[in-house]
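Please look at the sequence and the model below. The text then takes up a pair of helices and a pair of domains.

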Amino acid sequence: MSTQTMTEKPSEKAVTGRSSKVSLGRLWDTWGVTALLVLLLLCTPAIAPGFLEIENLQSVLRESAYVGIVAVGMTFAIASGAFDLSVGGQLALTSVVTLMAFNGGGTAAAVAAAITTGLLCGLVNAGLITRLRVPPFVATLGSLFVFRGIAYLLTQDGPQTLPYEHVDSPFAKIGSLNVAGLPVPFLIMVAVFAAGWVLMRRTAIGRRTLAYGSSPSAARFCGISDTRIRLFVFVLVGLTVGIAALTYITRVWTADGSAQDGFELKVIAAVVLGGTALKGGKGTLIGTFSAVFLVSVLNEVLVSQGVESAYQRIVLGCVLIVALTIDGLRTRFASPGSFRRALRPTS
Amino acid sequence: MGSDPPLRGDQALLEVNDLTVEFPGIRALDSVRFDIRPAEVHALVGENGAGKSTLLKVLGGVHRPSSGEVRLAGDHYRPRRPADALAAGIAVIYQEFNLYPDLTVAENVFSGREPRNGISRGIRYAEINRRTSELFDGLGVRIDPTATVGDLTVSEQQLVEICKALSVDGRIIVMDEPTAALSADEVTQLLDVVRRLREEGRSVVYVSHRLDEVFALADRVTVLRDGRHIRTCGIADTDPDELVRHMVGRDVESVFHRDRVSGGEVVLELAGVGAGRRLRDISLTVRAGEVVGIGGIAGAGQPELSQLIFGALAIDSGTMSLNGEPFRPRDPGDAMARGIGFLHEDRKAAGNLPDLSIRHNLTISILDKVRDGLTRLIAPAKETDVYAGYHQRLNIRATGPDQLIGQLSGGNQQKVLLGRALAPGGKLLLLNEPTRGVDIGAKAEIHRLINVLTADGAAVLMVSSDLPELLGVSDRVYVMAGGEIVGHLTGDDRTEENVVACATTGRRIFSEELSKR
């Protein structure tokens with residue numbers, strides 16, 4: 001230790017000591033799940049030898065895209081301190097409307113319909129929350145049923161489908177084409193994540209969303225309007241659903257009211273697993289990105305091992321619980337206190 | 001513990017020897033000694049970060065010492081959890097109360113130890129209500145045991161905490177900054193209660209930043225600084241100046257130094273402004289270069305007034321003007337766009353953005369000014385420049401721009417929030433309790449900053465419940481009571497007596513009327 005640091009006031013040294021510890025915690029926040037993903041990928045050749053074949057990997061990337069794209073919107077929602085439980089209903093409705101538009105007017109109509117329907121769903125949620133003052137959890141739980149219900153109504157005479165003769169249309173290609181070996185849905189997802197990162201880290205509205213999630217009352221006195229934040233977040237979720245519907249529907253070619261049952265939980269699980277704090281204020285898109293793949297790779301490995309789908313759900317649930325336990329412990333370590341204290345249940 | 005041998009008056013009831021508490025990377029307490037005698041009030045003073053809270057938490061069974069010992073009536077005292085401390089007769093009342101806001105006073109006092117009926121196991125409400133009443137009578141205060149705690153004022157909640165300590169017959173009652181959020185009247189009441197506790201033979205450890213209370217109350221005083229014991233002495237053997245020197249480790253220049261500037265242009269003017277039942281017929285002016293203080297007992301409408309000017313509370317009647325133009329902000333964002341800076345009185349609940357770094361806490365109110373010219377995106381380099389500017393100007397002690405605001409001491413958090421209020425660069429600052437819960441060193445720095453700002457022509461409207469600050473820093477003082485302005489004190493009329501008289505007795509004192517006579 002140099003003489004200069006020796007003459008520093010002890011309190012300043014104390015602060016330094018604490019922060020180096022916390023930045024390690026912050027490192028885990030952002031990269032912890034990514035590390036787990038890499039670990040899992042390193043283990044896969046031993047468990048599932050066929051996993052690393054190109055076609056299998058492409059299938060994993062394509063399958064992950066629609067969960068991943070919506071997870072970007074959901075990361076903003078959770079970082080702002082809210083949930084959007086309606087994304088499953090939004091996806092079903094948007095998918096049905098998109099197919100109807102395609103069968104009526106072709107590719108351009110389908111793309112326009114997907115984006116418009118997603119945005120409208122988001123506007124409905126934002127309106128319920130900001131105009132009628134319904135808490136987001138309740139508002140989106142209600143709209144989940146409403147959106148799904150409408151999707152069922154529209155497909156009373158059987159599911160909407162993408163007829164096989166259009167297999168070579170640009171629309172169908174969204175789901176099947178590879179560019180430089182990478183599936184287009186994956187490339188779209190990467191673009192959405194990149195845009196989301198810029199939005200969250202480099203724009204005023206992104207910063208304000210984090211500030212609002214961190215402390216709504218303090219944010220108010222910083223001139224942040226809660227109406228604007230809610231509107232932004234829920235419309236953004238709707239937009240990501242619209243984009244996701246394009247990659248989803250061109251993969252499965254059919255949709256009705258039951259499409260992607262439980263989708264909202266998959267998306268929320270990925271965001272939470274990625275390290276975005278449930279209480280708001282923190283959002284990590286890098287974590288979300290890795291968590292999306294962690295879940296799909298895990299699923300893929302289980303499928304290749306012939307594990308039943310019921311067990312797959314159980315494994316996903318356990319992974320989520322373990323991740324949150326680690327997170328809870330880490331949060332307690334971040335405040336001063338001993339290891340023993342951290343493990344002791346809070347009273 | 002009923003069979004303790006009787007203690008001599010000067011023999012310590014509780015003794016702390018060579019106590020060291022270490023957290024990863026920090027030594028919060030370094031070989032500290034401390035003792036408490038029976039029936040004494042022992043004041044514990046020191047700046048934020050001096051180790052007072054850590055010492056309290058060791059006594060309260062929250063933290064465990066790394067080394068050293070604590071003896072209670074001669075026996076080793078090693079509480080493993082807060083309940084152990086309570087069982088040993090040591091009750092610690094933290095700044096954040098441990099109360100259930102939805103339960104009644106009596107339910108809180110006896111929470112977890114309710115006397116129950118033999119068969120039904122139902123709580124005997126009549127008994128806990130009666131016993132709670134008796135405890136309050138003993139303290140000489142009146143609080144309804146069946147009232148809901150969430151409906152009580154902060155000072156009443158404090159008394160509930162004290163009552164809780166008495167209900168377990170606490171021999172040592174430790175109070176952490178008990179008067180931080182109390183009005184002058186409530187402080188007087190609390191001091192009386194503490195004296196009664198001493199008369200009953202109980203010992204009180206009294207932690208406070210307010211030296212006037214310490215000298216009014218304490219028998220002995222201990223100063224901590226940077227986790228070390230600096231001095232313990234009888235209160236008669238020291239004086240405030242000496243304590244301040246020990247606390248900060250250097251001489252502090254005269255506490256309130258003001259370069260009085262003659263008032264400039266009128267920056268803010270309110271005429272007959274009202275808002276519901278909370279504010280009535282408020283008229284006032286604030287000029288450039290002036291600090292205008294707003295005083296009064298808590299709940300008289302002072303924070304509401306500043307929130308109304310900031311656009312956070314709707315105006316029902318009257319008019320406002322800013323720099324001579326009509327002014328009626330829609331929301332705080334609107335007020336900020338007009339260059340008004342605001343500091344909320346509740347740093348934790350409505351100031352800090354706890355998950356954001358210091359840099360981001362500073363720039364949140366001026367995101368438009370830290371954008372890149374070409375891309376219109378936030379430029380981190382510009383944010384760092386903003387941080388660097390305030391870091392130096394406000395003397396913020398932090399490891400760097402990316403440190404989370406919650407990791408700073410209270411005084412440094414306050415400096416960051418002041419920086420945020422200054423950032424809009426405006427000519428009007430609304431400061432609510434600018435030095436609440438801030439140590440003496442930081443307090444002097446904040447006062448110096450206000451001085452510099454007004455010398456540069458800024459207008460400051462300051463709400464303060466700290467009378468010496470209100471009178472020392474302000475050029476003029478308005479006193480509020482019941483949502484109205486009941487006094488306007490300038491020049492030599494700015495005395496504690498006048499402020500208290502206006503705030504509490506219903507008298508109206510307006511300097512301009514006095515001088516006409």
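At what angle do the axes of helix H11 (residues 263–273) of chain A and helix H12 (residues 285–304) of chain A cross? They cross at roughly 125° and come within 7 Å; axes are lines fitted to C-alpha atoms, for helices over the stretch in contact, and angles run from 0 to 180 degrees between N-to-C directions. Helices are DSSP runs (H or I, at least four residues) numbered from the N terminus. The angle therefore makes H11(A) oblique to H12(A), given that under 35 degrees counts as roughly parallel, over 145 as roughly antiparallel, 65 to 115 as roughly perpendicular and the rest as oblique.

This is a predicted model, in which local features need pLDDT of at least 70, side-chain atom pairs count only at pLDDT 80 or more, and totals for chains, interfaces and linings use all residues. Residues are numbered from 1 along each chain as its sequence is written, and chains are lettered from A and ligands numbered from 1 in the order in which they are written.

H11(A) contributes Ala269(A), Ala270(A), Val271(A) and Leu273(A) to the contact, and H12(A) contributes Thr288(A), Ala291(A), Val292(A), Leu294(A) and Val295(A). Contact requires C-beta atoms, placed from the backbone, within 7 Å.

In chain B, the domain assignment (automatic or from a database) gives domain 1 (14–248) and domain 2 (266–516). Their centres, taken over C-alpha atoms, are 32 Å apart. Twelve residues from domain 1 of chain B meet 15 residues from domain 2 of chain B. On the domain 1 side, helix H6 (184–199) and helix H8 (240–248) of chain B each supply at least two residues, and H8(B) gives the most, with three residues.

Definitions and conventions
Two residues are in contact if their C-beta atoms, placed from the backbone, lie within 7 Å.
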